[in-house]
Amino acid sequence: MRLYLYDIIKHTKPRMKILPFDKQLIETIATTHDTPFYLYDQEGIENNARRLLKAFSWAPGFKNFFAVKATPTPHILALLKPLGFGFDCSSYTELLMMERMGISGSEINFTSNATPTRDMQKALELGAIINLDDYSHIDFLLTLGEIPQTICMRYNPGALREGNVLIGKPEEAKYGFTREQIVSGYRVLKEKGIKHFGLHTMIASNELNNDYFIETAIMLFELAVEVLQTTGVAIEFINLGGGIGIPYRPEQEPVDYQYVSNGIREAYERILSPYHLNAIRLYMENGRVITGPYGYLVGKALHVKHTYKDYVGLDATMADLMRPGMYGAYHHITVLGKETQPSDHRYDVTGSLCENNDKFAIDRQLPLVERGDFVVIHDAGAHGHAMGFNYNGKLRSAELLLYKDKTVKEIRRAQTPDDYFASLYW
């Protein structure tokens with residue numbers, strides 16, 4: 001088990017899951033929008049994005065390419081664009097979304113794997129930064145016509161680093177180049193006339209250990225020096241990846257942006273400056289940590305069942321939020337209007353799918369839940385609605401944006417049966 005410096009010096013403080021709305025506001029919204037629905041907090045998202053940018057303001061050309069897959073909703077992405085965020089895309093459809101939003105060029109980082117030809121062609125058409133995932137993609141790219149002047153490659157360190165439960169061991173992950181492949185790749189690309197080079201990695205997801213990100217930066221900085229010494233290629237930008245997690249559990253601490261930034265800055269100056277690489281631009285591609293804590297799935301208790309256990313059945317299901325059922329992820333739950341009541345009842349909180357893993361919580365201590373209570377599932381603003389599906393004919397829920405003045409706008413309507421049937425032949 002790794003021990004991190006931050007774990008030694010930090011002071012654990014109890015945290016509260018505070019909502020930016022109350023029961024009265026949800027009751028008002030529910031008069032025009034049926035539950036379940038997603039509700040995003042504009043002020044929380046923007047302030048959090050600014051905190052990240054401020055922490056890394058020292059870094060040359062720092063940009064966070066928001067992982068579109070986390071929250072692929074144009075109104076949410078539009079909050080981040082004027083702050084200076086770019087966007088990390090991984091598919092043709094995500095690239096089309098960028099095109100329709102008027103985003104192109106170096107504002108897009110395209111990272112995919114087992115990439116279809118159509119996807120790569122669209123990325124080239126938009127002038128996106130191409131981040132290759134596989135050594136064979138070099139030849140694949142060369143068959144598509146004009147070679148872009150800027151190429152990035154994704155590094156997989158294998159057994160040299162530990163991953164985590166969401167991505168797994170790097171040596172067993174399907175992503176990226178080996179060390180030998182990436183050095184060879186830069187040499188080949190240089191021979192092909194590529195002028196500008198980047199380096200990237202992504203080996204953990206939802207990571208809360210602050211020092212992990214510093215260690216990742218050190219690894220990439222040292223690799224950039226090795227590439228310079230062995231190939232003559234001077235890396236111009238390093239994408240540190242994303243993976244900054246969020247404290248889903250109330251007792252967990254959030255990642256300290258400033259602590260991470262300070263550690264990366266020290267490594268940047270110590271490792272890169274002696275080789276005159278201190279103009280390397282730094283990028284990241286965080287998605288979850290930017291919007292995750294500021295999105296909420298709001299549902300209603302339909303039934304309270306008492307058999308061998310006590311169950312609260314919601315109108316929301318795993319089709320709305322699959323993380324708990326998929327890999328047992330914890331999401332905090334608040335029963336609106338009962339925040340100060342004792343959590344002296346134990347429930348499994350479920351949906352209505354014909355699957356027994358359709359559960360948001362198991363043996364969760366909550367206040368007494370009654371039919372009609374509004375139930376809020378926290379930290380659902382990333383990899384929540386985006387991972388939804390239509391099993392059992394469940395329809396995708398609406399997404400709403402809560403503005404600073406507490407007005408609400410529908411930014412994605414709920415699906416209708418006609419939407420569900422639209423692609424069928426009768």
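**Exercise 1. Place Ala301 in the fold.**
Task: In which strand is Ala301 found, and is Ala301 buried or exposed?

Solution: 
- Step 1. Look along the chain in this predicted model. Ala301 is found in strand β10, which covers residues 295–306.
- Step 2. Check the accessibility. Ala301 has a relative accessibility of 1%. Buried means under 20%, so Ala301 counts as buried.
- Step 3. Look at the surroundings. Leaving aside residues up to four places away in sequence, Ala301 touches Val312, Gly313, Leu314, Val369, Glu370, Arg371, Gly372 and Asp373.
- Step 4. Ala301 and Val408 are 107 residues apart along the chain, and 23 Å separates their C-alpha atoms.

**Exercise 2. Follow Lys122 to its partners.**
Task: Which residues meet Lys122 in salt bridges, and where do these partners lie?

Solution: 
- Step 1. Start with Glu99. The side chains of Lys122 and Glu99 meet in a salt bridge, at 3.0 Å from N to O.
- Step 2. Find the two helices. Lys122 belongs to helix α6 (residues 117–126) and Glu99 to helix α5 (residues 92–100), so this pair ties together parts that are 23 residues apart in sequence.
- Step 3. Turn to Glu125. Lys122 also forms a salt bridge with Glu125, where the closest N and O atoms are 3.1 Å apart.
- Step 4. Count along the helix. Lys122 and Glu125 are three residues apart in helix α6, so about one helical turn separates them.
- Step 5. Compare the accessibilities. Lys122 counts as buried at 8%, Glu99 is partly exposed at 34%, and Glu125 counts as exposed at 54%.

**Exercise 3. Find a link between distant parts.**
Task: What does the salt bridge between Lys404 and Glu46 link?

Solution: 
- Step 1. Take the distance. In the salt bridge between Lys404 and Glu46, the closest N and O atoms are 3.3 Å apart.
- Step 2. Locate both ends. Lys404 sits in the loop between β16 (398–402) and β17 (408–412), while Glu46 sits in helix α3 (residues 42–55). The two are 358 residues apart, and the pair links distant parts of the chain.
- Step 3. Check each side. Lys404 has a relative accessible area of 45%, which makes it partly exposed, whereas Glu46 counts as buried at 9%.
- Step 4. Widen the view. The structure holds 15 salt bridges.

**Exercise 4. Describe the protein as a whole.**
Task: How many helices and strands does the protein have, and why can it be called as compact as a globular protein of its length?

Solution: 
- Step 1. Count the elements. There are 13 helices and 17 strands.
- Step 2. Compare two values. The radius of gyration is 23 Å, close to the 22 Å that the globule rule gives for 426 residues, so the protein is as compact as a globular protein of that length.
- Step 3. The C-alpha trace spans about 70 × 60 × 40 Å along its principal axes.
- Step 4. Look inside. Of the 426 residues, 54% are buried. Among contacts between residues at least 6 apart in sequence, 70% join residues at least 24 apart.
- Step 5. Finish with charge. There are 45 positive and 51 negative side chains, and the centres of these two sets lie 1 Å apart.

Terms used. Residues numbered from 1 in each chain as written. Predicted model: local features only at pLDDT ≥ 70, side-chain atom pairs only at ≥ 80, totals over all residues. Heavy atoms only, no water. Salt bridge = Lys/Arg side-chain N within 4 Å of Asp/Glu carboxyl O. Helix = DSSP H or I, 4+ residues; strand = E, 2+ residues; numbered from the N terminus. Buried < 20%, exposed > 50% of the residue type's maximum accessible area, 1.4 Å probe, protein only. Rg over C-alpha atoms; globule rule 2.2 N^0.38 Å. Contact = heavy atoms within 4.5 Å. Lys, Arg positive; Asp, Glu negative; His and termini not counted. Charge placed at Lys NZ, Arg CZ, Asp CG, Glu CD.
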